[in-house]
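Below is a short briefing on the packing inside one predicted model.

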Amino acid sequence: MAVWTPRTWTGLAAVSGLLAVGFGAFAAHGISAPKPIEWLHTGSQYQMAHALAVFAAFGLHRAGAKDMGKVAAFFLIGTLLFCGSLYAMALGAPRVLGAITPVGGVSFLVGWALMAARGFSLPDQA
């Protein structure tokens, strides 16, 4: 049984979207310090964008694009590292954790580059 299937990554994308809404709401209503609000807000925006991008990867997969599972993995790993480090710092973790944030950003970039490359390789539909 394959673990990394469209079923798995679409489920993870939905959970990611749910968490993005939750952290965004917490930023708006549950915290008052400006810097943690900024971190939560940034993390939730990036997380929601990449949750939706995982759904787009599923659409491209259905259209025949190759390696969309890898794209989804890069987006979800980026979410974990980029958004997760921002959330952790907002909730009181040491700021040195911010050194992980750019690694997540690079994961996002790799996912987008791979998605673009595979998207451009799709055949034109008449």
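A57 touches W9, M68, V71 and M115 (contact means heavy atoms within 4.5 Å), leaving aside residues up to four places away in sequence. The model is predicted: local features need pLDDT of at least 70 and side-chain atom pairs count only at pLDDT 80 or more, while totals for chains, interfaces and linings use all residues. Residues are numbered from 1 along each chain as its sequence is written, and side-chain values use heavy atoms, with hydrogens and water left out.

**Nonpolar core**
- The largest nonpolar core has 23 residues, and W9, V54, A57, M68, V71 and F75 touch the most other members.
- Such a core is a set of buried Ala, Val, Leu, Ile, Met, Phe, Trp, Tyr and Cys residues joined through side-chain atoms within 4.5 Å.
- At least two residues of this core come from each of α1 (6-29), α2 (34-62), α3 (68-90) and α4 (101-120); helices are DSSP runs (H or I, at least four residues), numbered from the N terminus.
- α3 gives the most, with 11 residues.

**Helices α2 and α4**
- The axes, lines fitted to C-alpha atoms over the stretch in contact, are 12 Å apart for α2 and α4, at an angle of about 25°.
- That makes the two helices roughly parallel (angles under 35 degrees).
- Y46, H50, A53, A56, A57 and L60 of α2 make the contact with F108, W112 and M115 of α4.

**S107**
- S107 lies in helix α4 and counts as buried because its relative accessibility is 7% (buried means under 20% relative accessible area, with a 1.4 Å probe and protein chains only).
- A polar atom of the S107 side chain lies 2.6 Å from the backbone oxygen of F74.
- The backbone nitrogen of G78 is 3.4 Å from a polar atom of the S107 side chain.

Technical notes: Buried means under 20% relative accessible area, exposed over 50%, partly exposed in between (1.4 Å probe, protein chains only). A polar contact is a pair of N or O atoms within 3.5 Å; within protein, one must be able to donate a hydrogen and the other to accept it, and residues adjacent in sequence count only if both atoms are side-chain atoms. Axes are lines fitted to C-alpha atoms, for helices over the stretch in contact, and angles run from 0 to 180 degrees between N-to-C directions. Angles under 35 degrees count as roughly parallel, over 145 as roughly antiparallel, 65 to 115 as roughly perpendicular and the rest as oblique.
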